[in-house]
Amino acid sequence: MPPANPTTFVPSPLMVRAWFDTVLTPLIHGLGMELGAMKMGNLTWRYRDCRLVSLVPVKSHLVADAWPNWEQLLELHPELVPPVEAHDRALEQLAAEVRKYFAAVVNNPTLLQLLSESIESAMPSTEIFGAIPPEEYPCVVAEYIVNTIHRLPSYYSTAAFWNTHQEEFFALRELSDIGPSWRAAEEAAKSFEAILDDLLTTLRRFRNTLSLDANVPIFESLAG
Amino acid sequence: VSRDHGPIVLDTGPLLMYLALDYLEGANKARRDKIFRSIHRNVSFDETRQEHFKVMLQARSSILTSSLVIAEALKLRGNTDLKAEQEQFRHASLKKLQGSVTEISVTLATLMSEDGFSEPVVNFGLTDASTLWLGHTHECDVCTGEEKPALFGAYSLPGAKFRRLNIDKMLEF
């Protein structure tokens, strides 16, 4: 008997259940959160971590125990590999551009000057930034700019300051020494979002087809 | 963070999320997401929301809850992931609860002695009624985890002086 072709292999309901619960549902949920952040224009950059905290390689949305299931699924459905790899490549590109963009903003002399003037015209800086050390004030502001935070909720001590001055800070993106890195990051974000959207659609369709083919509900609990 | 936003009462879901945030500090994203997904019933609670929730609570003058809510939260009903490590979770949570949450005992007798509170007890149970009572007596926000439309009926309590807010609505701005 010839070896089973992995692409035509029909998994058992038990296996499909495991793929749904340990791989596909967490992945779709995690990637959905990525898309939610992207649609808000929030790249979730954190200067202290030096990374995009909500945007991670596909496999990082899964707990390590589920990795063998994920690898098995990719082996049996190699058509899923290219969109997954495209996501991770686009993310890497986005992270690199954001890093450059953040560096251009945080080290910009005009930003430092605007920050110092805005603080002087407001309340004492310790009331605005709380326990954050003064050398990190530019990082906080640059993070808001990179994450396109136009408005902070009132429970942030920086809210009154930022919500008043944010327009002046966002205008700095047009400066010649920030503009190119801003536009490059915007381009990378657009490209990542499109790839992410495609991947989510692919995974949702795949899960749906699998559910119907194997007669296994996507959420077991809802099936009663 | 400014602490001038007054006290807040936490219902079971938000209390569990508060405890889990602390417990999962430093855990990898997949594990955090998995646990928050199970606590928050598959509703997105990404890093930005986690951070907002944390800051929103830090901005409160005090975090109040009832003994009944604490008992419910520590039962970990329906949270299979935390249930699997319940001893470690409870151990960490006890420290957090003692350090930053004001526990108030709300008995059935207390609720029955207050005008209008027998109805919430009958309709929603002791635990939910205890959070409404805390909100009422402290005239503050009550943060709940799920949409409980029926709880809006509590607004008709005579002289009620609290706002009952779903956690997701509370973090929207």
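In β5(B), B:Arg164 is the bridge partner of B:Val142, and that pairing is a handy way into this predicted model.

**Strands of chain B**
- Strand β4 (residues 141-144) of chain B runs parallel to strand β5 (residues 163-166) of chain B, and four bridges join the two.
- β4(B) also pairs with strand β1 (residues 8-10) of chain B, again in the parallel sense, over three bridges.
- Within β4(B), B:Cys143 has B:Leu10 standing opposite.
- Are the two faces of β4(B) buried or exposed? Both are covered: B:Asp141 and B:Cys143 are buried on one side, and B:Val142 and B:Thr144 are buried on the other.
- As background, side chains in a regular strand alternate between the two faces of the sheet.

**Nonpolar cores**
- The largest nonpolar core contains 106 residues, and the ones with the most contacts inside it are A:Leu94, A:Trp162, A:Phe169, B:Leu15 and B:Phe53.
- Helix α8 (residues 179-214) of chain A gives this core its largest share, with twelve residues.
- Another core, of 14 residues, lies apart from it and includes B:Leu111, B:Phe117, B:Leu132 and B:Leu134.
- Which residues does A:Leu94 touch, leaving out those up to four places away in sequence? They are A:Met38, A:Leu43, A:Leu52, A:Leu55, A:Ala185, A:Ala188, A:Ala189 and A:Phe192.

**Helix pair in chain A**
- Helix α3 (residues 81-106) of chain A packs against α8(A) at an angle of about 155°, and their axes are 8 Å apart.
- Because angles over 145 degrees count as roughly antiparallel, α3(A) is roughly antiparallel to α8(A).
- The crossing of these two helices, α3(A) and α8(A), is left-handed.
- On the α3(A) side, the residues that meet α8(A) include A:Ala90, A:Leu91, A:Leu94 and A:Tyr101.
- On the α8(A) side, A:Trp182, A:Ala185, A:Phe192 and A:Leu199 are among those that meet α3(A).

**Helix pair in chain B**
- Helix α4 (residues 67-75) of chain B and helix α9 (residues 126-138) of chain B cross at roughly 135°, with axes that come within 8 Å.
- That angle makes α4(B) oblique to α9(B).
- B:Leu68, B:Val69 and B:Glu72 of α4(B) make the contact with B:Leu126, B:Thr127, B:Ser130 and B:Thr131 of α9(B).
- The crossing of α4(B) and α9(B) is left-handed.

Key. Residues numbered from 1 in each chain as written. Chains lettered and ligands numbered in written order. Predicted model: local features only at pLDDT ≥ 70, side-chain atom pairs only at ≥ 80, totals over all residues. Heavy atoms only, no water. Core = buried A, V, L, I, M, F, W, Y, C linked by side-chain atoms within 4.5 Å. Buried < 20%, exposed > 50% of the residue type's maximum accessible area, 1.4 Å probe, protein only. Contact = heavy atoms within 4.5 Å. Pairing = 2+ DSSP bridges. Axes fitted to C-alpha atoms, helices over the stretch in contact; angles between N-to-C directions. Parallel < 35°, antiparallel > 145°, perpendicular 65-115°, else oblique. Left-handed = near helix turned anticlockwise from the far one by under 90°.
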